[in-house]
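Please look over the sequence and the coordinates shown here before reading the notes that accompany them.

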2 protein chains.
Amino acid sequence: MSGIRVYLAGPEVFLPDCAQVQQAKRDMCAEYGLIAVVPGDADVADFPTPHEKGLAISARDETLMDGSDAVIANLTPFRGVGADPGTCYELGYMTAQGKPAFGYSNLGQDHRGRIADYYGGRVQADQMGQLRGEDGLAVEDFHMIDNLMLQGGIERRGGAVVSGDVPKRSRFTDLTVFAQILKIAAKKLL
Amino acid sequence: MSGIRVYLAGPEVFLPDCAQVQQAKRDMCAEYGLIAVVPGDADVADFPTPHEKGLAISARDETLMDGSDAVIANLTPFRGVGADPGTCYELGYMTAQGKPAFGYSNLGQDHRGRIADYYGGRVQADQMGQLRGEDGLAVEDFHMIDNLMLQGGIERRGGAVVSGDVPKRSRFTDLTVFAQILKIAAKKLL
């Protein structure tokens, strides 16, 4: 056992079968001798208000990240064109600590393509050559899977990003692409 | 002059009038003696590929964050139900460094309300009492403006979150709510 702890950030915490998916990821990590750390590791007690409970979960997850050596983030678009905001926060939290980071998406389409779809294809270059939606907002086109801060933060630290299409109904449960990034991460970390 | 540098994270980098909005924010910070640091501070040279340019912008913005003392993040929902992924990354990047963080949204509606709208109101509690959309994904209900990691990371470090409604057409340019959070931030930081 290497004892290397990998925090598994991702929106699977919102799944009805969260525990099974997390366990499957744990088992896959264990095959490489990596210890998976997942946001659902410890039970959080009840609190007088939902707000206080939210703060307690935030504290717990940050503590889990502080105790982890690397992160693999599931950046699959969540309820819209971009990655889950909580996962993005966690990715930045880990890279700021200088920890190796890896990311994957269960959607093969890149950031630019998804945003163009969001605008129904109505995107065009302005006078400066900057691609924009009809609301005037710039369309990022850096050949990345999401906002450049995410993929940039990963790749600039020697990490990698992998994406690929899985059936839509298993968008958040399919572990094919996760297996690919895990193999890459294990090679780097071990 | 206090010399305190505040990084202004937010999706205004995508605005056609980005420079004017950032300058207005700079001026407002200066009135408190705070030095605004914005993602567009320095020009990034051209690179052989868009991907390399993306990495260069990522490096520059992280350097700007490393040199800042606090962050005010514009968490206004961006192209969907949640905050801009790049802004979320930057918020986590700053809190991981133990820096004071503040957030605001130009949409008063809370996270739960927006997600319920996303599902067309079709959300209901499962057998455990957990609110879920028709796709089975859990609906966070912690009385926060977005994912608990964002607001939790801010509030647990003594920061604050403010939200309020502005006219839709000025969703990303109106600085009324920014003025409110800036006042709170200045009081804490100075």
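The notes below take up the relation between the chains, then a helix, then a single residue.

## Relation between the chains

The model is predicted. Chain B is superposed on chain A, with an RMSD of 0.0 Å, by a rotation of 180 degrees with 0.0 Å of shift along its axis, and the two copies are thus related as by a two-fold rotation axis. The same surface serves both copies, in that 100% of the contact residues of chain B recur in chain A.

## Helix α2 of chain A

Helix α2 of chain A covers residues 50-66, and because 17 residues at 1.5 Å a residue should span 24 Å, the 24 Å between its end C-alpha atoms agrees with expectation.

The buried residues of α2(A) are A:Gly54, A:Ala56, A:Ile57, A:Ser58, A:Arg60, A:Asp61, A:Glu62, A:Leu64 and A:Met65. Within chain A these buried residues pack against β1 (5-9), β2 (35-37) and α3 (85-95), while from chain B they pack against α3 (85-95) and α5.

## B:Gln151 in helix α5

Helix α5 of chain B, residues 148-155, contains B:Gln151. This residue has a relative accessibility of 6% and therefore counts as buried, the cut-off being under 20%.

Leaving aside neighbours within four places in sequence, B:Gln151 is in contact with A:His51 of chain A, and with B:His143, B:Met144, B:Ile145, B:Asp146 and B:Val161 of chain B. B:Gly103, although 48 residues apart from B:Gln151 in sequence, is 7.6 Å apart from it in space, C-alpha to C-alpha.

Technical notes: Residues numbered from 1 in each chain as written. Chains lettered and ligands numbered in written order. Predicted model: local features only at pLDDT ≥ 70, side-chain atom pairs only at ≥ 80, totals over all residues. Heavy atoms only, no water. Helix = DSSP H or I, 4+ residues; strand = E, 2+ residues; numbered from the N terminus. Buried < 20%, exposed > 50% of the residue type's maximum accessible area, 1.4 Å probe, protein only. Contact = heavy atoms within 4.5 Å. Least-squares fit on C-alpha atoms with pLDDT ≥ 70 in both. Expected span 1.5 Å × (residues − 1).
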